[in-house]
Amino acid sequence: SFVFISIALTIIPCNAGQPKPNREYHMAKIAFIGAGSLGFTRGLVRDILTFPLLKDATLALMDIDAEPLGYMETIARKLIRQGGFPAKVKATTDRREALDGADYVIVAILVGGREPITWDVDIPLKYGVDQCIGDTMGPGGIFRAMRTIPVLLEIAEDMEELCPDALMLNYTNPMSMLCQAVRDEVGIPVV
């Protein structure tokens with residue numbers, strides 16, 4: 001995740017952490033949409049805090065499931081406290097609240113829960129298409145894209161309204177199909 005953030009920060013630089021005309025220093029706001037993933041969010045928060053311009057960021061954690069979101073809020077606060085970082089954490093189940101004013105939006109969502117993942121593999125297998133994993137390409141990837149694209153476009157449309165200059169960092173598979181859908185339908189930058 002550290003490499004992905006490094007690349008993204010160099011592809012489309014944001015003004016977070018830089019003085020803005022007629023304003024004081026601007027601390028970055030990073031919205032995590034789908035922040036309930038323990039391993040993913042924990043590692044990414046840790047990595048982000050190592051960037052000097054992001055060490056005092058506001059991390060807006062958002063997930064539709066309040067229970068894992070609460071765990072991640074606790075873990076993020078612990079990482080910040082242990083590292084002595086001046087960052088802030090806000091947790092919410094309201095996507096629009098998390099997106100409002102964000103500089104970066106990290107999307108790691110799983111639409112439909114875990115059950116459809118087995119369908120993505122089992123249905124193609126029933127018809128002779130054996131895929132080791134069905135989330136990035138082939139019929140399983142198309143199934144997953146069909147479930148996820150409408151939700152991702154809603155997120156992108158909210159971004160146009162609430163944080164139009166933010167960069168979307170998509171961590172949701174199938175990445176290429178989802179990023180292309182956002183590029184084709186909505187006018188925000190996405191990698």
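Biologist: How far apart should the ends of helix α6 (residues 138–162) be?

Modeller: The expected span of a helix is 1.5 Å times one less than its number of residues. Helix α6 has 25 residues, so it should span 36 Å, and its end C-alpha atoms are 34 Å apart, which agrees. Helices here are DSSP runs of H or I with at least four residues, and strands are runs of E with at least two, numbered from the N terminus. This is a predicted model, in which local features need pLDDT of at least 70 and side-chain atom pairs count only at pLDDT 80 or more, while totals for chains, interfaces and linings use all residues. Residues are numbered from 1 along each chain as its sequence is written, and side-chain values use heavy atoms, leaving out hydrogens and water.

Biologist: Where in α6 is the kink?

Modeller: A bend is the angle between axes fitted to the seven residues ending at a residue and the seven starting there. In α6 a kink of about 35° lies at Thr 148, shortly before the proline Pro 150.

Biologist: Which residues of α6 are buried?

Modeller: Buried means under 20% relative accessible area, exposed over 50%, and partly exposed in between (1.4 Å probe, protein chains only). The buried residues of α6 include Gly 140, Arg 144, Thr 148 and Leu 152. An α-helix has 3.6 residues a turn, so residues three or four places apart point the same way.

Biologist: Is Ile 149 buried or partly exposed?

Modeller: Ile 149 has 24% relative accessibility, so it counts as partly exposed. Leaving aside residues up to four places away in sequence, Ile 149 touches Met 177, Leu 178 and Ala 181; contact means heavy atoms within 4.5 Å.
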